[in-house]
Structure formats: structure tokens, C-alpha cells
Amino acid sequence: MKRPDFMALAFEEAEAAAARGEVPIGAIVVHGGKVVARAGNRTRELNDATAHAEILAIREASDKLGSERLTGHDLYVTLEPCTMCAAAISFARLRRLYFGAADDKGGAVVSGVRFYASPTCHHAPDVYAGIGETRAAEILKDFFKDRRDL
């Protein structure tokens, strides 16, 4: 049986977010080769600055499992997480983080504050950057280009 392309599913969530007028970022929580939760940004729809794709996916997975800890789970996200999301990933004890494009302005994993390298970070997931990086960057560029052209 072919293993699902989890980053492709994250891109589906990102595209759905763009269709809703949200910044196109998607996230998928996976455990044992199965999708546990999936989400795209909903900050505008929910009038909630914390409604980033990563946070929403973590909330959904935690609710399904009845636990704030997602030990052994992996997160696939189309853009490098910001500081808030990097902290949530750490607090949820996610095992691995896979992300697409780096975010020089708002990222906090390989850019900016590099949250997981901080001595105050209690848990750092294994990080795999650049998964589908070109597509992730194109989705974001196209979204913001379309906004400028309006």
C-alpha cells in the first residue's frame, strides 16, 4: 500500500485557506502513518490571531486523543512556524516537524529566534525543512500577488 503524501495534504489545506481569503498555510498531524488532524489558517474567519494552521491542527488532534501531549506524532506544515506555533509544537511534545518554505520574516525554527535552540525550550522536535519548499513559496507568492493586483 502506498504511503500518503502528507505534505500534499498540507498543501490542500493551504489552498483551501487561500480560497477563504486566509494566508495559505496548511498543517497535518500524523501518527502511525495516518492523518489525525488537518487544518488551514482561519485567523480572519474566526477573528482569532491564534488560529494558525498549526495551532488548529494541534487543538483538533489533542481533542480527538483527549490529551495535550502528542508524543509520537508528526506535524507537516507548508511554512516555517512562527514563535507562537513553534512553542505550541514544543508544548504538545510533537516528535517531528516537517515544513515547506522557510519564513525569513516570521519564522522561528531555522529563522528568527530559532526557538528550539533556546535554553528555555523544554522539548525540540526533530526538524526537516524544505519539504515541498518551491510549491510552498509559490502558493504564498501567488496569494499575495493576487492581493496586490486587486
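Residues are called buried when their relative accessible area is under 20%, exposed when it is over 50%, and partly exposed in between (1.4 Å probe, protein chains only). The structure is a predicted model, in which local features need pLDDT of at least 70 and side-chain atom pairs count only at pLDDT 80 or more, while totals for chains, interfaces and linings use all residues. Residues are numbered from 1 along each chain as its sequence is written, and side-chain values use heavy atoms, with hydrogens and water left out.

Helices (H or I, at least four residues) and strands (E, at least two) are DSSP runs, numbered from the N terminus. In helix H4 (residues 83-91), the buried residues are Cys85, Ala86, Ala87, Ala88, Ile89 and Ser90. The cover over these buried residues of H4 includes H3, strand E3 (74-79) and strand E4 (96-101), where contact means heavy atoms within 4.5 Å. Arginine 93 follows H4 and has a positive phi, near 60°.

Positive phi values also occur in loops. Asparagine 47, in the loop between H2 and H3, has a phi near 50°, a positive value in a residue other than glycine. Asparagine 47 is exposed, with a relative accessible area of 72%. For arginine 114, phi is likewise positive and near 50°. Arginine 114 is placed in the loop between E4 and strand E5 (126-129) and is partly exposed, at 47% relative accessibility.

Side chains of opposite charge can pair when their charged atoms come close. A salt bridge is taken as a side-chain nitrogen of Lys or Arg within 4 Å of a carboxyl oxygen of Asp or Glu, and the structure holds 9 of them. One of these joins the side chains of glutamate 15 and arginine 135, at 2.7 Å from N to O. Glutamate 15 belongs to helix H1 (residues 6-19) and arginine 135 to helix H5, so this pair ties together parts that are 120 residues apart in sequence. Both partners are partly exposed, glutamate 15 with a relative accessible area of 37% and arginine 135 with 35%.

A salt bridge is also formed by the side chains of arginine 20 and glutamate 45, at 3.6 Å from N to O. This pair links distant parts of the chain, with arginine 20 in the loop between H1 and strand E1 (26-31) and glutamate 45 in helix H2 (residues 43-46), 25 residues apart. Arginine 20 is partly exposed at 32%, and glutamate 45 is partly exposed at 46%.

Within helix H3 (residues 53-65), glutamate 60 and lysine 64 lie 4 residues apart, about one turn of the helix. Their side chains meet in a salt bridge of 3.1 Å, N to O. Glutamate 60 is partly exposed at 29% relative accessibility, whereas lysine 64 is exposed at 54%. Elsewhere, salt bridges that share partners join Glu12, Glu13 and Arg38 into one network.

A pocket is an open set of points on a 1 Å grid over the protein atoms alone, where a 1.4 Å probe fits, with protein on both sides within 12 Å along at least five of seven lines; lining residues have an atom within 4 Å of a point. The largest pocket has a volume of about 430 Å³, the volume being the space filled by probe spheres set on the points, which are joined across faces, edges and corners. Its lining consists of 18 residues, with Leu79, Ala102, Asp103, Lys105 and Leu140 nearest the centre. Helix H5 (residues 133-149) supplies the largest share of this lining, 4 residues. By class, the lining has 10 nonpolar, 2 polar and 6 charged residues, where Ala, Val, Leu, Ile, Met, Phe, Trp, Tyr, Cys and Pro count as nonpolar, Asp, Glu, Lys and Arg as charged, and the others, Gly among them, as polar.
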